[in-house]
Amino acid sequence: MKETVLNIGFDDTDSPKGMCTTYLAYKIVNLLRKEEVEFLDFPRLIRFNPNIPWKTRGNGAVGLKIKTKKPEKIKKRIRSLIEKFSDIKNGANPGLIFYENEQIPDSFKEFSKLALWKLINRKNVKKFVSEKNLEYFSLGNGQGLVGAIGAIGYEFEDNTMELLSYRKKSNFGKKRKISKDNVRIMQEKTFPNTFNSFDTKKGRVMISPRGPDPVFYGIRGENPESLFTASSIIIPDEKLDGYMLFRSNQGTSDHLKNEIDVSDMKPYTSGTIVGIVSQKPKSELGGHVTFSIVSKEIEVTCYVYKETGMSSIVMNLIQGDKIRIGGGIRKASSNHPRTINVEFLDVLKLKKNIILTNPICEECYKKMKSKGRNQGFQCIRCGKKSQKKLSRVIPRKIEEKIYIPEISAHRHLTRPLQRMGRTNNKKFDNSIPWYKIFKN
Ligand SMILES: [Zn+2]
């Protein structure tokens, strides 16, 4: 029998109430191993535009690339797993795509790129699927087809890895017990090759979700070795079912690579804008901050949530500062015009903050008094005169550098500071234990 390369993409199988697309991937990989397929890459976990309104938790889709002699049997079995494990009654809209070819067409790649920063409506997806006569399966409204196509088409320029461990079914929904100290120590030992594991500021464990989904923890990092080391330091209080490694675009700022068209400002678009601060920052009730910038002669309102930890930094901007911001467009509400929610601030050029004050008398060291408009200044003690005001440069409390949110406010795609300028593209190595089910 002839071997064929099969690409599998699926998304939106989970709901806020339970399950998880990565867990379904873990189940599917288990099935594929039994069918003795050849894996051609790590399972890929691709996060798409986080600023669309109907994402579940992280808008993450999964892709698999395998070589098999019995594609039809495998497709059938995957389809039934998706049917069985998708949380449709709680709002999941799963989509599944099969694409049988070694090479991925450019159209898939372009589609994937758009899904990173745009809102792709379902009509366009259906058009894509029917024009290319793709093999697909969807339930609910089929929204998951966006991620399914995207996960197949995604091209890595940089990647991180995530080791996700899963609970035994009998523990689903129970409180996860995980030692804070172990996670803190794990971070100290493995940082920067792992990231966002422990929030030292808040003393919070970041690797463990709180919801009812099957994930026990997920450790993010740069390479498999660091993740295995990190994982060995965490000693869970319960017997786990197993784990799987994913290659991911998490931590790559992938959604903020394009420039936002300020003349359009389509809601739910993500990207960057370069502009000059035109209205100085104002703090709102609740501690959120708004300010405006002008870009290409258009004024854009910027919004910084208090939770990002950037609001106090942003307060130091003044009119004339040149900045680049990244974020997502939020549609107008009753309180706000259309705004961009700031996810990073890159200060490109600070304006000198000069204030003018009345001159000081060189004899008496007293501030001179104004004699009236354009009349100059005079010392009231000795009568000495001066024409010019005194200019003073006020030191700026903000630097020409990039500011990102505190880690508690990071999204999956937020590029941590230590990853700035870093790129990985590790070759797949099937000899490393990237998938494991623990024996009892
Ligand atoms: Zn004087």
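The model is predicted. Four cysteines, C361, C364, C379 and C382, supply the protein donors of the zinc ion. E35 is buried and makes a side-chain polar contact with K70. Helices α1 and α5 are both described as mostly covered.

**Zinc site**

- The zinc ion is held by the SG atoms of C361, C364, C379 and C382, at 2.2 to 2.4 Å.
- The arrangement is tetrahedral because the 4 donor atoms subtend angles of 104 to 113 degrees around the zinc ion; for four donors, that label requires all angles to lie between 85 and 135 degrees.
- Along the sequence, the donor residues follow the spacing C-x2-C-x14-C-x2-C.
- C364 sits in the loop between β18 (353-357) and β19 (369-370), and C382 in the loop between β20 (377-378) and β21 (385-386), so this pair ties together parts that are 18 residues apart in sequence.
- C364 has a relative accessible area of 18% and is therefore buried, the cut-off being under 20%.
- C382, with a relative accessible area of 41%, is partly exposed, a class that runs between the 20% and 50% limits.

- E35 belongs to the loop between α1 (21-34) and β2 (38-39).
- The relative accessible area of E35 is 9%, so this residue counts as buried.
- The side chains of E35 and K70 are joined by a polar contact of 3.0 Å.
- Once neighbours within four places in sequence are set aside, E35 is in contact with K70, K73, I74 and R77.

**Helix α1**

- Helix α1 consists of 14 residues.
- From its first C-alpha to its last, α1 reaches 20 Å, which is close to the 20 Å expected at 1.5 Å a residue.
- Of the 14 residues in α1, 10 are buried.
- The buried positions in α1 are T21, T22, Y23, L24, A25, Y26, I28, V29, L31 and L32.

**Helix α5**

Notes:
Residues numbered from 1 in each chain as written. Predicted model: local features only at pLDDT ≥ 70, side-chain atom pairs only at ≥ 80, totals over all residues. Heavy atoms only, no water. Donors = N, O, S within 2.8 Å, 3.2 Å for Na, K, Ca; no water. Tetrahedral: all angles 85-135°; square planar, octahedral: opposite > 155°, others 65-115°. Helix = DSSP H or I, 4+ residues; strand = E, 2+ residues; numbered from the N terminus. Buried < 20%, exposed > 50% of the residue type's maximum accessible area, 1.4 Å probe, protein only. Polar contact = N/O pair within 3.5 Å; in protein donor to acceptor, adjacent residues only side chain to side chain. Contact = heavy atoms within 4.5 Å. Expected span 1.5 Å × (residues − 1).
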